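Here is a report on helix packing, the nonpolar core and aromatic pairs. Have the sequence and the structure open while reading.

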Amino acid sequence: MQFGALKGERDVREAYSAHSGELYGFAMRSLGDSGLAEEAVQETFLRAWRAGERFDPEIGSLRTWLFAILR
């Protein structure tokens, strides 16, 4: 699946479907609390949506960008 900028709700939904499980696993291991991990993933996608125009697939993958936001 190839992603461009996260411009609309559909883009964010597709990205969430593709990456939320892995992001949640990372957040869970890092935070040790399921509620905090869920909040961290939600916040990650909210920030990604707000900054969607700055995502450049020529620089790196969407997955990498989302993990950078989560960290």
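## Model and helix packing

This is a predicted model. Two packed helices are described by the angle between their axes and the distance between the axes. For α2 and α3, the angle is about 120 degrees. Their axes lie 9 Å apart. The crossing of α2 and α3 is right-handed.

Which residues meet at the contact between α2 and α3? From α2 come Ala40, Val41, Thr44, Phe45, Arg47 and Ala48. From α3 come Trp65, Leu66, Ile69 and Leu70.

## Buried residues and the core

Helix α3 has Leu62, Trp65, Leu66, Phe67 and Leu70 buried. The cover over the buried residues of α3 includes α1 and α2.

The largest nonpolar core holds 17 residues. Leu6, Leu23, Ala27, Phe45, Leu62, Trp65 and Leu66 have the most contacts inside this core. At least two of its residues come from each of α1, α2 and α3. Leucine 23 shows how such contacts run. Beyond its neighbours within four places in sequence, leucine 23 is in contact with Val41, Phe45, Leu66, Phe67 and Leu70.

## Threonine 44

Threonine 44 sits in helix α2, which spans residues 34-50. Is threonine 44 buried or exposed? Its relative accessible area is 2%, under the 20% limit, so threonine 44 is buried.

## Phenylalanine 26

Phenylalanine 26 belongs to helix α1, residues 9-31. Its relative accessibility is 25%. That value lies between the 20% and 50% limits, so phenylalanine 26 counts as partly exposed.

Its contacts, leaving aside neighbours within four places in sequence, are Phe67, Leu70 and Arg71. Alanine 40 is 14 residues from phenylalanine 26 along the chain. The C-alpha atoms of phenylalanine 26 and alanine 40 are separated by 10 Å.

## Aromatic pairs

A pair of aromatic rings is described by the distance of the centres and the angle of the planes. The count here comes to 3 aromatic pairs. One of them joins tyrosine 16 and phenylalanine 45, with ring centres 5.0 Å apart. Their planes stand at 65 degrees, over the 60 degree limit, so the pair is edge-to-face. The pair links distant parts of the chain, 29 residues apart. Tyrosine 16 is in helix α1, and phenylalanine 45 is in helix α2. Tyrosine 16 counts as partly exposed because its relative accessibility is 41%. Phenylalanine 45 is buried, at a relative accessible area of 5%.

Phenylalanine 55 and tryptophan 65 form another aromatic pair. Their centres are 5.3 Å apart, with 40 degrees between the planes, and the pair is tilted. Where do the two residues lie? Phenylalanine 55 is in the loop between α2 and α3, while tryptophan 65 is in helix α3, so the pair ties together parts 10 residues apart in sequence. With a relative accessible area of 7%, phenylalanine 55 is buried. Tryptophan 65 is also among the buried residues of α3.

Terms used. Residues are numbered from 1 along each chain as its sequence is written. This is a predicted model: local features need pLDDT of at least 70, side-chain atom pairs count only at pLDDT 80 or more; totals for chains, interfaces and linings use all residues. Side-chain values use heavy atoms; hydrogens and water are left out. Helices (H or I, at least four residues) and strands (E, at least two) are DSSP runs, numbered from the N terminus. Buried means under 20% relative accessible area, exposed over 50%, partly exposed in between (1.4 Å probe, protein chains only). Contact means heavy atoms within 4.5 Å. Rings of Phe, Tyr and Trp (its six-membered ring) pair if their centres lie within 6.5 Å; planes under 30 degrees apart count as stacked, over 60 as edge-to-face and the rest as tilted. A nonpolar core is a set of buried Ala, Val, Leu, Ile, Met, Phe, Trp, Tyr and Cys residues joined through side-chain atoms within 4.5 Å. Axes are lines fitted to C-alpha atoms, for helices over the stretch in contact, and angles run from 0 to 180 degrees between N-to-C directions. A crossing is left-handed if the near helix is turned anticlockwise from the far one by less than a right angle, and right-handed if clockwise.
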